[in-house]
Amino acid sequence: MQLKVHYYALLREQAGRSEETIETAAATASELFGELHARYGFSLARDQLKVAVNSEFREWGHPLRAGDAVVFIPPVAGG
Amino acid sequence: MRFRFASAPIDAAAGRRELLDGAAGGYVSFEGWVRDHNEGLAVSRLEYEAFQELAVKEGDRIVNEALARFPIKRALCVHRVGDLSIGEMAVWVGVCAVHRGEAFDACRYIIDEVKHRVPIWKKEHYRNGDSGWVNCEACAAAPVHSHDPRHSHG
């Protein structure tokens, strides 16, 4: 299935892009992160991140569906 | 919308005007400024980046929590994005209430929660030419979690 992934901050720099459409068989957000971590060699591990699907925070076990927009959220630093 | 982003300098006076309320007896605001140093390094400028669609939802939830938790009248938070120079305002929070105590408490609640929960990232550029994403580089260097309070994870 096809998904959209958006990257921010450190992950954007390490992926070398701010978004992409990918073809994946990942069933969950966690599996998708595993694929992308292997592809881009992110310096951040899954446990250091949060994940959002369609602009809402979700658990890592959240099931993915075709057309979802996924964002992995590095440690935040507002203010 | 009680939380919003600004891509130009924050107009605190305009924010304050939005909070004017005849029933309020006190107004408290907080301004976060870009500081010229962090953790021993001289900082020359900052970049703020946000996942705005989720950030405004989460920011709005935080301000609504403050309105539910404290007996205040109105509250608003504005956060900058983009390139900021030393001394510029990065974030502004304003709260008005019948009495001052609740306004101070709610203002503190909002800024503390915004810093920990809203998907905003800060890249520091240092005088020595280096740069780094705050709270991310330390994680990358030391993936085993310490409990350093500076090393916050949202």
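Let's start with A:Asn54. With 14 C-beta neighbours inside 10 Å, A:Asn54 counts as partly exposed. The cut-offs: a residue is buried if 20 or more other C-beta atoms lie within 10 Å of its own, exposed if 12 or fewer, and partly exposed in between, with C-beta atoms placed from the backbone.

A quick word on the source. This is a predicted model, where local features need pLDDT of at least 70 and side-chain atom pairs count only at pLDDT 80 or more, while totals for chains, interfaces and linings use all residues. Residues are numbered from 1 along each chain as its sequence is written, and chains are lettered from A and ligands numbered from 1 in the order in which they are written.

Back to the loop. A:Asn54 sits between β3 (50–53) and β4 (56–58) of chain A. Helices (H or I, at least four residues) and strands (E, at least two) are DSSP runs, numbered from the N terminus. Phi of A:Asn54 is near 50°, positive although the residue is not glycine. Most residues other than glycine have a negative phi. A:Ser55 lies in the loop between β3 and β4 of chain A. Phi of A:Ser55 is near 65°, a positive value in a residue other than glycine. A:Ser55 is partly exposed, with 17 other C-beta atoms within 10 Å.

What does A:Asn54 touch, leaving aside its neighbours within four places in sequence? A:Asp68 and A:Ala69. Contact means that two C-beta atoms, placed from the backbone, lie within 7 Å. A:Ala26 is 28 residues from A:Asn54 in sequence, and their C-alpha atoms are 16 Å apart.

Now chain B. The chain has 4 helices and 9 strands. Their order along the sequence is β-α-β-β-β-α-β-β-β-α-β-β-α. Of its 154 residues, 33% are buried. Take the contacts in chain B between residues at least 6 apart in sequence: 76% of them join residues at least 24 apart.

Here is one such region. B:Arg4 lies in strand β1 (residues 3–6) of chain B. B:Arg4 is partly exposed, with 16 other C-beta atoms within 10 Å. Beyond neighbours within four places in sequence, B:Arg4 contacts B:Val56 and B:Val78. B:Val56 is 52 residues away along the chain, yet the two C-alpha atoms are separated by 6.1 Å.

Compare B:Glu124, in strand β8 of chain B. B:Glu124 has 22 C-beta neighbours inside 10 Å, so this residue counts as buried. Setting aside neighbours within four places in sequence, its contacts are B:Asn38, B:Val43, B:Leu46, B:Ser131, B:Gly132 and B:Val134. B:Asp36 is 88 residues from B:Glu124 in sequence and 10.0 Å away, C-alpha to C-alpha.

Next, a helix pair. Two packed helices are described by the angle between their axes and the distance between the axes. In chain B, helix α2 (residues 52–69) and helix α3 (residues 100–117) pack at an angle of about 155°, with axes 10 Å apart. Therefore α2(B) is roughly antiparallel to α3(B). Axes are lines fitted to C-alpha atoms, for helices over the stretch in contact, and angles run from 0 to 180 degrees between N-to-C directions. Angles under 35 degrees count as roughly parallel, over 145 as roughly antiparallel, 65 to 115 as roughly perpendicular and the rest as oblique.

Which residues make the contact? From α2(B), B:Glu58, B:Gly59, B:Ile62, B:Val63, B:Ala66 and B:Arg69. From α3(B), B:Ala106, B:Tyr109, B:Ile110, B:Glu113, B:Val114 and B:Arg117. They divide into 7 nonpolar, 1 polar and 4 charged. Ala, Val, Leu, Ile, Met, Phe, Trp, Tyr, Cys and Pro count as nonpolar, Asp, Glu, Lys and Arg as charged, and the others, Gly among them, as polar.

Look at B:Ala66. Neighbours within four places aside, B:Ala66 is in contact with B:Ile72, B:Ala75, B:Ala106, B:Tyr109 and B:Ile110.

Last, the two chains together. Their contact takes 27 residues from chain B and 18 residues from chain A. On the chain B side, α2, β7 (89–97), α3, β8 (120–126) and α4 (137–141) each supply at least two residues. That side divides into 16 nonpolar, 6 polar and 5 charged residues.
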